[in-house]
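Some notes on this model follow, as numbered points. Please read them alongside the sequence and the coordinates.

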Amino acid sequence: SQISKAKWAAGQAEVEFLVAVKIVGVDKQGMLNELIKVISMRMKRNIRRLTIDSHEGLFEGVFHIYVQNTDELTAMLHKLEELPHVYRANRFDVEEENLEDETKD
């Protein structure tokens, strides 16, 4: 199957899409704050959900983030990997759960 990039008419707003980003690095005090600063403040992106675990001095976080396009996602991953205690940051494909299921009683 052929994959084609969506083309946007001039002035047409791009639709944001949700991606999951997995970040692994050294678990140190203030690390979560540094990650949020890059995503929310420097990249001006909204975090919909995050889960983070630490074990034996390492952390692994999965951030669900709205981005406008893959170029923006790539720039964000590079900025995250530039942080001194981050080993890697990469897109993490997870099935998007149905939000309606979360709101049902």
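1. Is Ile52 buried, partly exposed or exposed? Ile52 counts as partly exposed, because its relative accessibility is 37%; buried means under 20% relative accessible area, exposed over 50%, and partly exposed in between, with a 1.4 Å probe and protein chains only. Ile52 belongs to strand β2 (residues 47-55); helices (H or I, at least four residues) and strands (E, at least two) are DSSP runs, numbered from the N terminus.

2. This is a predicted model, in which local features need pLDDT of at least 70 and side-chain atom pairs count only at pLDDT 80 or more, while totals for chains, interfaces and linings use all residues. Residues are numbered from 1 along each chain as its sequence is written, and side-chain values use heavy atoms, leaving out hydrogens and water.

3. Helix α2 (residues 70-82) has 13 residues and spans 18 Å from first C-alpha to last, close to the expected 18 Å; the expected span is 1.5 Å times one less than the number of residues. Its buried residues are Glu72, Leu73, Met76, Leu77 and Leu80. Seen down the axis of α2, these fall within an arc of 140 degrees, so they line one face; the arc is that of the directions from the helix axis to the C-beta atoms. Asp71 and Glu82 are exposed, on the face of α2 turned away from the buried side.

4. The cover over the buried residues of α2 includes β1 (17-26), α1 (31-42), β3 (58-67) and β4 (86-91).

5. Val38 lies in helix α1 and is buried, at 2% relative accessible area. Leaving aside residues up to four places away in sequence, Val38 touches Met43, Lys79, Leu80 and Leu83, where contact means heavy atoms within 4.5 Å.
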